[in-house]
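Hi,

Here is the structure I promised to pass on. Have a look at it first, and my notes follow below.

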Amino acid sequence: MVIKSFHQLDDAQEEQIRELEEICNLAEKPALQSYVYLDSQANAEPDRDCFYLLYENSVLAGFLSVFAPGEEGEITAFVHPGYRRRGFFTAMLRQASRDWRGLSALSLVTQPASSSVSAVVKRLGAVLSFSEYMMTYQGKPLPKEKNAKGGQSVTLIKAGPADGKKAVPLLASLFYMTPEDAEGWFSRLCDSPDTSVYLAKAGNAFVGTGCFSVEEERMTVFAVGVKRALRGRGYGQGILRGLMEQWEQKYKNTEVSAELDSEHPAAVSLFQKFGFETEIQFDYYRLPSRR
């Protein structure tokens with residue numbers, strides 16, 4: 001058993017990982033739809049090794065990735081069905097935990113349909129923290145625009161690096177991040193050629209944010225948020241409507257998905273009103289403290 005770590009993968013390694021991922025997905029009944037992200041640029045330290053490839057007799061038998069955009073990390077891993085129960089996952093997790101010991105916490109990302117999840121999380125002593133949903137737009141007509149009492153129409157303003165003074169505090173407050181983490185996140189979003197960041201304005205005030213990325217014939221909507229004191233006035237609907245109008249005008253040949261979590265049920269309900277349905281569910285299990 002040999003474990004090699006990288007912060008950047010070449011084409012051959014990516015192809016091996018995708019083949020292994022597909023084998024592991026099809027081994028589950030029903031088959032899973034996992035698709036691990038293979039770009040370290042979203043990490044707070046993009047040049048730090050976050051991909052772990054485990055080889056047994058020159059065969060890629062296991063893979064683990066660490067996603068750490070802030071103080072906490074998320075682990076996604078899979079092992080070839082023919083090489084399980086040999087301690088390969090434990091070995092990769094041990095090395096990744098050692099390499100990333102500075103993180104305040106680590107969570108294991110799983111899918112509830114996986115037959116091996118319950119045994120793994122029980123053995124690790126992990127506790128379910130929250131669930132995340134990949135929702136897909138089903139093509140229904142968008143609901144009519146309607147602002148609640150006290151609300152105003154929302155205008156989306158595309159943000160760039162020069163808008164950091166307005167965007168960073170807003171992102172930090174909406175998504176419970178430190179100013180430093182929000183600044184790094186905003187910078188990486190602006191640097192990505194596939195991502196568009198919008199600030200939502202109602203009247204003279206900035207009330208929220210909304211973003212989307214377009215990759216591999218899929219538009220993914222994320223970071224839709226409204227200031228807590230201004231919720232219930234229809235601003236969330238206005239932001240989502242504006243993003244969907246961008247899709248209708250520029251990207252209608254692509255699928256539209258959204259990433260949401262169980263900690264924000266109002267956001268899940270909003271996307272459901274706009275015709276989104278859950279395609280994949282991911283559960284996040286907090287691993288025991290390593291300190």
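This is a predicted model: local features need pLDDT of at least 70, side-chain atom pairs count only at pLDDT 80 or more; totals for chains, interfaces and linings use all residues.

A contact here means heavy atoms within 4.5 Å. Helices (H or I, at least four residues) and strands (E, at least two) are DSSP runs, numbered from the N terminus. Residues are numbered from 1 along each chain as its sequence is written, and side-chain values use heavy atoms, with hydrogens and water left out.

First, the helix pair. F89, T90 and L93 in α2 meet V120, R123 and L124 in α3. The two axes (lines fitted to C-alpha atoms, for helices over the stretch in contact, with angles from 0 to 180 degrees between N-to-C directions) come within 13 Å and cross at roughly 50°. That makes α2 and α3 oblique to each other, the label for whatever is left once angles under 35 degrees are called roughly parallel, over 145 roughly antiparallel and 65 to 115 roughly perpendicular.

A nonpolar core is a set of buried Ala, Val, Leu, Ile, Met, Phe, Trp, Tyr and Cys residues joined through side-chain atoms within 4.5 Å; buried is under 20% relative accessible area, exposed over 50%, partly exposed in between (1.4 Å probe, protein chains only). This core has 37 residues, and I17, L53, F63, L64 and V66 touch the most other members. Leaving out residues up to four places away in sequence, I17 touches L9, V36, L38, L53, L60, F63 and F78. Another core of 29 residues lies apart from it, with V154, L230, L240 and W247 among its members.

On to the strands, where a pair needs at least two bridges found by DSSP. β6 (residues 127-137) pairs with β12 (residues 276-286) in the antiparallel sense over 10 bridges, and M134 has I280 in β12 as its bridge partner. β6 also runs antiparallel to β11 (residues 255-261), joined by five bridges, with M135 opposite A258.

A172 is buried, at a relative accessible area of 12%. Its contacts beyond four places in sequence are M177, T178, P179 and A182. A172 and A182 are 10 residues apart along the chain, yet their C-alpha atoms are separated by 5.3 Å.

Cheers
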